[in-house]
Amino acid sequence: MNPLRQLVSQTAIYGLSSIIGRFLNYLLVPLYTYTFSTGEYGVVSEFYAYAGFFAVLLIGGLETGYFRFRNKQNFSNETVYAGAQSFLVLVNLTFLGFIVFFNETLAAHLHYGEHSEYILWFASILVLDAITALPFARLRAENRAWRFAGIKLTEIFLTIGLNLFFLVACPKIAAAWPGSAIRFIYDPAIGVGYIFLANLLASCFKFLLLIPQLRGIRLQLSPTILKPMLVYSLPMVIIGFAGMVNEMLDRAILKYMLPYDLDTNLQMLGIYGACYKLSILMSLFVQAFRYAGEPFFFSIAGREDAQKSYALVMNYFVIFGVFIFLVVTLFIDFFQYFIGSDFREGLDIVPVLLIANLLLGIYVNLSIWYKLTDRTGMGALVSLAGAGLTAWLNIWWIPIWGYHGSAWATLACYLFMVVISWLLGRRYYPVPYKLGKITGYIAFGLTLYAAHHFATEVYLINTWLSASASLTAYLVTTAWFDFRPLLRHKHDI
C-alpha cells in the first residue's frame, strides 16, 4: 500500500478506536456532571490532571525511542523491546512501592486524608498504563492497528460498564434491598472514588489482554541497549512533561490559584474540567493522528519525496481540524447538553480550547524536524520554553480572569511553540508547508464562526440555519480547492 494511503488507513482505524471509544467514554461526562456536584467533579479533574504528568515520567519517552531503535542495524527488534520493557517494569514497580509506603502522607498533603485509597488506586492505574505502553507501541510498529483498536475499545467498554454498575445500578439496588449482598460491594462514602476503581479494574483487564505481547520477553537491563536508547528517549520525557504542563497544569493548580475558598475553587475547577471535555473531538483527532503519524514519519524519512509528503499531510490535517472546530462551535447548543446545567457557565472557553488543541496538532506535525534529525534535546528546549510560558501566564492570569485565563494561556503557549518549531524546522529539516493555505483555512474557520454569532445575535437568524450554512460554506470551499484536485490526481497519493 502507498505510504500516504497507509497513513490515512491507519489514522482511520486508530481514530475508530479513539473516537468511538473515547466518545462512548465521553458519554460518562453527563453521568458524572448530573450525578456529582461541581466540587466533587473538581476532584476527578484534579486527579486526571496529575495522571498526565506521571504518565510521561513513568513511560520515560521509550515509545518514541522504541520506534527509533527497533530498525537500527546495530540492534535487533527483540532486544530493543526487551530492554525497554525491562526498564519500564523496574521504574514503575519502584514508583508503586513508594506510593504504598507514603500513601497516608500524600493523601493528607492533597487534602484527601479521608480517602487515601484514591491515591493508591490511581497510582495502580498509572503503573498498569505505563507497563502496557510498549506493547501498544509494538502493535503500532507492526501495523496491527485492529488489535490495538480492539483492546482499547474493550478497555473503554469495560470502564463504561463498571461506571454504570457502581454509580447507577449499585445505589438503586442498595436503596431497594438494603440488606442484600450489595452492601459488601458498594459504599456511598467512596463517592467519586468509584470512577477511579472502575478505571483500575479496566486497566487490569487490558493488561491481561496484552499478555501475548509480553510473553516470552526476557527481562534484561543491558547498558549496550539502554544507554543509547535512554540518551535519545529521556529528552522526550522533558518534551512530554512540558507538554503536560501546557495541557494539564491549569487543572492541577486551579484549586490553589483561584482567589476563593477551597470549596469554591473546586467548583470552578469542576466547571472548567467539564467544559474542557467539550473540546474532546479535537483532542481525539490529534491523538488518532499522533498514533498513526509517528511510525509513518519514521517509515518514509529516507524517501526523496518525504518532505513533500509531510507538507501534504499537514495541509489536510488543518482542513479536518478546522472542520471539527466548526462542528463543535457552530452547534454548541447541542453539545452543551453533554454536561449538567450547573457546568454550562463556562461554555465560552470551548472555542479557545478547540483552537489551542488544533495548534497542538500542528505542532505534532512540525515536530518531525527534531525527531528525524536526532535533535531531541533542542525539541526539549522548545517544549520547556512553552511550559515556562504556560506556567507564567497561568500564575499571572488565573487570579485575574479565573479559568478563562487558563484557557487563553493554553492557546498562547501552543501558538508560541508552533512558531518556534516552524522557524527551527526551516533551518534543520525544511519542509515546503503551504503556509498560505494553512493560515487561510484557520482564518476562514474563525471568520465563519464570528459571522455565525453576528448573524444569530444581531439579525436573529435561526441558530441551526446559520450553523448549517456556515458549515456548508466551509465544506464547499475545501472540496473545490483541495479535494477536487486530489481526486483528479489519485495516483499521486
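A disulfide is a pair of cysteine sulfur atoms within 2.5 Å. By that criterion, a search of the whole structure finds zero disulfides. Cys204 is in no disulfide, and the nearest cysteine sulfur, that of Cys170, is 18 Å away. Cys204 is partly exposed, at a relative accessible area of 34%, where buried means under 20%, exposed over 50% and partly exposed in between (1.4 Å probe, protein chains only). Cys413, with a relative accessible area of 1%, is buried.

The model is predicted: local features need pLDDT of at least 70, side-chain atom pairs count only at pLDDT 80 or more, and totals for chains, interfaces and linings use all residues. Residues are numbered from 1 along each chain as its sequence is written, and side-chain values use heavy atoms, with hydrogens and water left out.

Side chains of opposite charge can pair when their charged atoms come close. The structure holds six salt bridges, a salt bridge being a side-chain nitrogen of Lys or Arg within 4 Å of a carboxyl oxygen of Asp or Glu. In one of them, Lys206 pairs with Asp129, with the closest N and O atoms 2.6 Å apart. Lys206 lies in helix α10 (residues 193–209) and Asp129 in helix α7 (residues 116–131), so this pair ties together parts that are 77 residues apart in sequence. Helices here are DSSP runs (H or I, at least four residues), numbered from the N terminus. Lys206 is buried, at 4% relative accessible area, whereas Asp129 is partly exposed, at 29%.

Lys206 also forms a salt bridge with Glu155, the closest N and O atoms being 3.4 Å apart. Glu155 is in helix α9 (residues 145–176) and Lys206 in helix α10, 51 residues apart, and the pair links distant parts of the chain. Both Glu155 and Lys206 are buried.

Another salt bridge joins the side chains of Asp250 and Arg251, at 3.5 Å from N to O. Asp250 is buried at 1% relative accessible area, and Arg251 counts as buried at 10%.

The last topic is a helix pair. The axes of α19 (residues 376–401) and α20 (residues 403–428) come within 8 Å and cross at roughly 160°; axes are lines fitted to C-alpha atoms over the stretch in contact, and angles run from 0 to 180 degrees between N-to-C directions. α19 and α20 are therefore roughly antiparallel to each other, a term for angles over 145 degrees. By class, their contact has 18 nonpolar, seven polar and no charged residues.

Technical notes: Helix = DSSP H or I, 4+ residues; strand = E, 2+ residues; numbered from the N terminus. Parallel < 35°, antiparallel > 145°, perpendicular 65-115°, else oblique. Nonpolar A, V, L, I, M, F, W, Y, C, P; charged D, E, K, R; others polar.
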